[in-house]
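Trainee: I'd like to learn how to read surface patches and salt bridges. Can we go through an example together?

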Amino acid sequence: QQLHWKLRLSDLLLARLGADLDARGTTLLSGHVSRSLGSLRARELRVAGPLKTVLAAVNQPFAPLDGELGLALERLTLRQNWPQDAQGTVRIDKLSWTLARDPLVLGSYEAVIAPDGDDLVATISTLAGSLEVSGAARARPDRHYELHLQMRPRGNAPPMLLNLLNSLGAPDPQGYYHLRKEGQAP
């Protein structure tokens, strides 16, 4: 892949090493990234490309997912590899579960990321597809996280999707299956 970068001397005045990035190829990347002791910051970060490629880049090459990723973050701050501030959207088109013999296309989804007090919240919604998903993920400054998704098959859902949803337990009276996770990152 072609990666072009240009150092920003203005970041040195803030005790950071910063660069403008631009990459073309299978995955497109652009934005400004800077690093200081314990922190990584990004502004106007744009990433577009195959989800598999991005999962491999973040050390998840065996995740049984595929699709097209679109990331547009106005800003992002990580401290000790944990999000402290972010604003933007993540979009996954043609999300597929790939453990089956034939990939199971679930649909297209969007997460809108914004601060909520000291926390960061990603509000998740369905754009299209056979699986309706809504909910939120929350990251707290103390490294605690919560995820609550409610999912319901649409009328065009394939039988394999119904089997997968049944593995989550029984649906609620409105037909939604709930996925809840919480914990603390190391």
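This is a predicted model: local features need pLDDT of at least 70, side-chain atom pairs count only at pLDDT 80 or more; totals for chains, interfaces and linings use all residues.

Trainee: Which residues make the nonpolar surface patch?

Mentor: Leu3, Trp5, Leu7, Leu9, Leu12 and Leu17 make a patch of about 680 Å². Patch residues have over 30% relative accessible area and no salt bridge, and nonpolar side chains (Val, Leu, Ile, Met, Phe, Trp, Tyr) are joined within 5 Å. Areas come from the Shrake-Rupley method with a 1.4 Å probe, and only the protein chains shown count as cover for residues.

Trainee: Is Leu17 buried or exposed?

Mentor: Leu17 counts as exposed because its relative accessibility is 52%. Buried means under 20%, exposed over 50%, partly exposed in between.

Trainee: And what about salt bridges?

Mentor: Side chains of opposite charge can pair when their charged atoms come close. The rule here asks for a side-chain nitrogen of Lys or Arg within 4 Å of a carboxyl oxygen of Asp or Glu. That gives ten salt bridges.

Trainee: Which residue forms a salt bridge with Asp119?

Mentor: Arg138 does, with the closest N and O atoms 2.9 Å apart. Asp119 is buried, at 12% relative accessibility, while Arg138 is partly exposed at 23%.

Definitions and conventions:
Residues are numbered from 1 along each chain as its sequence is written. Side-chain values use heavy atoms; hydrogens and water are left out. Patches are made of residues with over 30% relative accessible area and no salt bridge: like charges are joined within 9 Å, nonpolar side chains (Val, Leu, Ile, Met, Phe, Trp, Tyr) within 5 Å. Buried means under 20% relative accessible area, exposed over 50%, partly exposed in between (1.4 Å probe, protein chains only).
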